[in-house]
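Here are some notes to read beside the model. Please keep the structure open while you go through them.

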Amino acid sequence: MSRINWGRVILGGLLAGVILNVWDFVVNGVLLKSDWNQAMQALGKAEMGTSTMIWFVLYDFLVGIFLVWLYAAIRPRYGAGAKTAACAGLALWLLVGVFRFIGEGPVGLFPMRLYLMATLAALPGILVAALAGGRTYQEM
């Protein structure tokens, strides 16, 4: 079993992070923007500003790097390629999307409909990011 190529993890992770950032901007910053702003207003909070967005951008890059690391970690068992990248993407979506929805949704902080829409909308973006990041990754 070979070692993980960290340079390629970072490179593929940054590419995946760009894709995740673009996807999140379209989904949450355009399509669901008014829903998120209404939810924030209901909590007595201001609309999300630049400082908040910077955290989300950083988060997406870190998620992209983790995603490619996960792909690299499962690759020896599942083999290289799109199917393995999709498995890594699905696993990540379960961890950061579905399990978050299940854990936080019932608390009532945000409307369940908004949690559900954001969770479902995240899946295609994560899968595309996983495919791109996985394609970039190569063993040493």
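1. Start with how helix H3 packs. Its buried residues pack against helix H1 (6–31), helix H4 (82–104) and helix H5 (112–136). Bear in mind that this is a predicted model.

2. Which residues of H3 are buried? They are Asp60, Val63, Gly64, Leu67, Val68, Leu70, Tyr71, Ala72, Ile74 and Arg75. As background, residues three or four places apart point the same way, because an α-helix has 3.6 residues a turn.

3. The length of H3 can be checked. The helix covers residues 50–78, which is 29 residues. At 1.5 Å a residue, H3 should span 42 Å. The C-alpha atoms at its ends are 40 Å apart, so the span agrees. After H3 comes glycine 79, with a positive phi near 90°.

4. Look next at arginine 75, in helix H3. Is arginine 75 buried or exposed? Its relative accessibility is 17%, and the cut-off for buried is under 20%, so arginine 75 counts as buried. Neighbours within four places in sequence aside, arginine 75 is in contact with Ala80, Thr84, Tyr137, Gln138 and Glu139.

5. Helix H2 spans residues 33–42. Its buried residues are Asp35, Trp36, Asn37, Ala39 and Met40. They pack against H1 and H5. Just after H2, glycine 44 has a positive phi of about 80°.

6. Now the largest pocket. Its volume is about 900 Å³. The lining has 28 residues, and those closest to the centre of the pocket are Asp24, Asn28, Trp36, Phe56 and Asp60. Two of these names have come up already: Trp36 is a buried residue of H2, and Asp60 is a buried residue of H3.

7. Which helices supply the lining of the largest pocket? H1, H2, H3, H4 and H5 each supply at least two residues. H1 gives the largest share, with seven residues. By type, the lining divides into 16 nonpolar, seven polar and five charged residues.

8. Leucine 14 sits in helix H1. With a relative accessibility of 39%, leucine 14 counts as partly exposed, because that class lies between 20% and 50%. Leucine 14 touches Phe61 and Ile65, leaving out residues up to four places away in sequence. Leucine 14 and aspartate 60 are 46 residues apart in sequence, yet their C-alpha atoms are 9.1 Å apart in space.

9. Glycine 97 lies in helix H4. What is its relative accessible area? The value is 8%, so glycine 97 is buried. Beyond its neighbours within four places in sequence, glycine 97 is in contact with Leu92 and Thr119. Glycine 97 and alanine 118 are 21 residues apart in sequence and 8.3 Å apart in space, C-alpha to C-alpha.

10. Finish with threonine 136, in helix H5. Threonine 136 is buried, with a relative accessible area of 15%. Where does its side chain reach? The side chain of threonine 136 reaches the backbone oxygen of alanine 132, at 3.0 Å. Setting aside neighbours within four places in sequence, threonine 136 is in contact with Arg8, Leu11, Gly12 and Leu15.

Key
Residues are numbered from 1 along each chain as its sequence is written. This is a predicted model: local features need pLDDT of at least 70, side-chain atom pairs count only at pLDDT 80 or more; totals for chains, interfaces and linings use all residues. Side-chain values use heavy atoms; hydrogens and water are left out. Helices (H or I, at least four residues) and strands (E, at least two) are DSSP runs, numbered from the N terminus. The expected span of a helix is 1.5 Å times one less than its number of residues. Buried means under 20% relative accessible area, exposed over 50%, partly exposed in between (1.4 Å probe, protein chains only). Contact means heavy atoms within 4.5 Å. A polar contact is a pair of N or O atoms within 3.5 Å; within protein, one must be able to donate a hydrogen and the other to accept it, and residues adjacent in sequence count only if both atoms are side-chain atoms. On a 1 Å grid over the protein atoms alone, a cavity is a set of points where a 1.4 Å probe fits but cannot get out, and a pocket is an open set with protein on both sides within 12 Å along at least five of seven lines; lining residues have an atom within 4 Å of a point. Grid points are joined across faces, edges and corners, and a volume is the space filled by probe spheres set on the points. Ala, Val, Leu, Ile, Met, Phe, Trp, Tyr, Cys and Pro count as nonpolar, Asp, Glu, Lys and Arg as charged, and the others, Gly among them, as polar.
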